[in-house]
Amino acid sequence: MSNEDILAGLGEIVEEVAGVTAADVTADKSFTDDLDIDSLSMVEIAVQAEDKFGVKIPDDELANLKTVGDAVAYIERNK
Amino acid sequence: MTAVIHTLPAVPGSRIAGMGHYRPERVVTNDDLAKTMDTNDEWIRTRVGIAERRFAAADETVASMGALAGGKALADAGITPDQVDTVITATCTADFQIPHTSTTIAATLGIHAPGSFDVNAACAGFCYALAAADQAIRTGNSRTVLVVGSEKLTRWINPTDRGNAIIFGDGAGAAVVTAADRPEIGPVAWGSDETQTRAIGTTDAGWIYQEGQAVFRWATSAIAPVAIRAAAAAGVDLADIDVIATHQANLRIIEAIARKLISAGVRPDVRLSRDIVTTGNTSSASIPIGLDRMREAGEARSGDLVLAVGFGAGLTFAGQVFRCP
């Protein structure tokens, strides 16, 4: 699975959980500042990403994923 | 030769014959809470989905609210108190450590000499108590069981704890369970996560606390599979579920569970209990209050297939399928 595939999959999850259009979910965006996603939605996104990509994203790691790019890189490293 | 122990002839099934609920008079809005703590309506609505909740009066108790709900359930079922042979109350906020709640409810309602005990499985309590009632009936030990979920959570909430004081409310719900020729209550899917015993609990001072993010993660990931297990155990196709009645923990948890169930095969037009919006989180009372209010509103109808799942402190969970009375 390429980084583009992870980004696209993450976009679908963010759209479903937070109602943000998937196309707006780009690597440079900050989850909180740009996409207006709060900590509970981040947990929901993490839970769905775990299912979709077969990774573990514990709460302490989740706290470090500030941008969409951080999340893609984390999934790429840990999948 | 030693004596042989026999069991009673098995009964084919049990059913819910009637339901009732009681919500205290006093409505507490988010604006009311904002007068005494640093919070606001918009924050509460977006984080937990609650607009208002009910607080019990000083002289209202877990037993008194439970008896009011139980009396309504008996009337709804057309069952008189003398027909009830067992009372089971789910609560985690019992008025006393001793005696248990069910005996006071029985005394209040004029139920004579029933089998009587409480269940503490926190917010999963109603589903555990319903399972206990179903099993008591199917084994022939009981014929008619009054199942109550009743909580006075406000007694255990630090009023200055803005994380928890906004969530909880008081109230009671009840169901009358009777023997049936065909099962209308499915097997229970129950279990727990013994690695998270302290994720929700009370402090040394007696106040309820929870590790919000850990509980949210658990509830949004582990509970939909429990509901799916419950449907499978009952041999019910998810597409046949008419009503989802989860514990009313947090609207975002409820909707996340519903999304997962819909992606697993539940119809998108399934009717979902969202009673938390106007009742708050009433722990073991939330499933019967929510479902009975859906019945009142015509959103849940007699014969509907209901998928119920409770989850909470323990962490513990239970779910089952049953027919709406």
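Begin by selecting chain A and colouring its residues by burial: of its 79 residues, 32% count as buried, and since this is a predicted model, the selection describes a computed arrangement.

Keep chain A selected and switch to a cartoon view, where the secondary structure comes to 4 helices and 0 strands; followed from the N terminus, the elements run α-α-α-α. The radius of gyration of chain A is 11 Å, close to the 12 Å that the globule rule gives for 79 residues, so chain A is as compact as a globular protein of that length.

Next, draw the contacts within chain A, counting two residues as in contact when their C-beta atoms, placed from the backbone, lie within 7 Å. Among the contacts with a separation of 6 or more, 57% are accounted for by residues 24 or more positions apart.

Now bring chain B into view and select the place where the two chains touch: 6 residues of chain A are in contact with 9 residues of chain B. On the chain B side, select helix H6 (212–233) and helix H7 (251–263), each of which supplies at least two residues of the side that touches chain A. H6(B) gives the most to this side of chain B, with 6 residues.

Conventions. Residues are numbered from 1 along each chain as its sequence is written. Chains are lettered from A and ligands numbered from 1 in the order in which they are written. This is a predicted model: local features need pLDDT of at least 70, side-chain atom pairs count only at pLDDT 80 or more; totals for chains, interfaces and linings use all residues. The radius of gyration is taken over C-alpha atoms; the globule rule is 2.2 Å times the number of residues to the power 0.38. A residue is buried if 20 or more other C-beta atoms lie within 10 Å of its own, exposed if 12 or fewer, and partly exposed in between; C-beta atoms are placed from the backbone.
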